[in-house]
Amino acid sequence: MNVNLKLYEAIKDVGINLLLILPDNMIQGLIQVINEKNEIRQITITREEEGMGIAAGAYLGGMKPAILMQNSGLGNSINAIKSLLQLYKIPILLIMSHRGVEGEKIMAQNQMGQVTFNLLECINLKYFIVNSVKIIENFKNAMTLMQDNSESAAIVLERSLWGEDS
Amino acid sequence: MKRYDVLKEIVKTLNHELVVCNLGIPSRELYHLKDRNENFYMLGSMGLTSSIALGLAISQPKRKVYCIDGDGSLLMNLGSLSTIASINPANLTLIVIDNGTYGSTGNQKTHTSGRTNLALIAKGAGFESIIVITNKNDIKAKLGNQGPDCNFILIKTNPGNANVNIIKLDPEKMKERFMQSMYKPLKN
C-alpha cells in the first residue's frame, strides 16, 4: 500500500469525518486519494486560521474534524490555536506537511520550516512526527491524547515519508 | 440605531437557534440582554465568528444557526465569505452589525465607514440571499424569512456601546453547556 493510501486509512481509522484542506505540494497525492475515495467530507479553506474556526464549530456540533495544511499555516493560526482551541479546550487535529527542512528545493520555505517545532513547543501544542512506516500508531496516539486531555494536537508529516520521489 | 438596539430585536426572535457571537462588547451586550445555553460567546480569535458558525451549521444541519458578526471582525476574515457562499448552508444566517467602527477598542473607524461595502463583497463571494437593513423594525421579519440559501444580513447602525459588564463564565464550562444544549431534542 502506498504512503498516501496509508495516510488516508489512518485519517479514516481514527474517525475523522471532516477535513478542512489548504493544499501543499507534499500532500497533493493524499488530497487526490481523499477526492477519489470521496468518503470523508472535505472543505477547501482560504486560510488555515479560518480552518481552526470551522473545525471548532464542527467539533461543538458533534463532528470529528481535522485540518490538512502546510507548516507555514501554523504561523497564520497561532492566535486561533491559543485563544480559541486551547482557551475553550477544543480538541482538533492539525495534520501538516513540514516544508523548509532537509530536501527542500524552495529556499523561502526554510525560515518557517526551521522554527516549526520551536513554535509548536512554544505554544504548547503537542505533536507527533510521522516519518516512517508507523503511521497509524502516531495518528492513534494523537487521538488518544486529544480525547484524554481535551487538547488539540499536531501530526507533522516529514518529506522522508514519501522517499526519494517527493 | 446602535448595536445594542439590534441585539434587542434579535433576542426577541430567539427560540432554539444556536448563536455564535463576535468577541468583545457585542458578546457582553448579548450576555447582558439574554444569556442562554445556546449562545457561544467568543472571547478571543477575532475574525473567526463566521467560521465557527459555518462549522456548527454543517455539523447541526437541523438547527438554525445565527452568526452575529461585526464589520471589523468580518474584515479580518473575508475569505470566510467565499467559503460559506460556496457551501451555502440553508440553516445559517450571517448577521453583520456594521457600525463602521472597532467598537470594543475605542470606536476607531473601519473601512466600512468609508468606501468599503460588505454587501457587495458578499455578492462577489457568491451569496444568493443578501439583505441590507437600516431600520430596526425590519429585523424581526427579515430574520424569520428563511429561504433555500444561506442568508447574509447586513444591518447598518451608528457606533456606540452599551455600558455592560464583562462575561463571568468560565470558557470551558460555557463550551460544555453550549454543547449540551444541542443534545436536547427540538420542540416546535
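Predicted model: local features only at pLDDT ≥ 70, side-chain atom pairs only at ≥ 80, totals over all residues.

In chain A, strand β3 (residues 65-70) pairs with β4(A) in the parallel sense over five bridges; strands are DSSP runs of E of at least two residues, helices are runs of H or I of at least four, and both are numbered from the N terminus. Two strands count as paired if DSSP finds at least two bridges between them. Within this pairing, A:M96 of β4(A) is the bridge partner of A:M69.

Residues are numbered from 1 along each chain as its sequence is written, with chains lettered from A and ligands numbered from 1 in the order in which they are written.

β4(A) also runs parallel to strand β6 (residues 153-157) of chain A, joined by five bridges. There, A:I95 has A:I155 of β6(A) as its bridge partner.

Why is β4(A) largely enclosed by the rest of the structure? Five of the five residues of this strand, residues 93-97, are buried, meaning that 20 or more other C-beta atoms, placed from the backbone, lie within 10 Å of a residue's own. A:L93, A:I95 and A:S97 point one way, and A:L94 and A:M96 the other way.

Finally, 23 residues of chain A are in contact with 26 residues of chain B, contact being C-beta atoms, placed from the backbone, within 7 Å. On the side of chain A that touches chain B, α3(A) gives the largest share, nine residues.

Terms used:
Contact = placed C-beta atoms within 7 Å. Buried ≥ 20, exposed ≤ 12 C-beta atoms within 10 Å, placed from the backbone.
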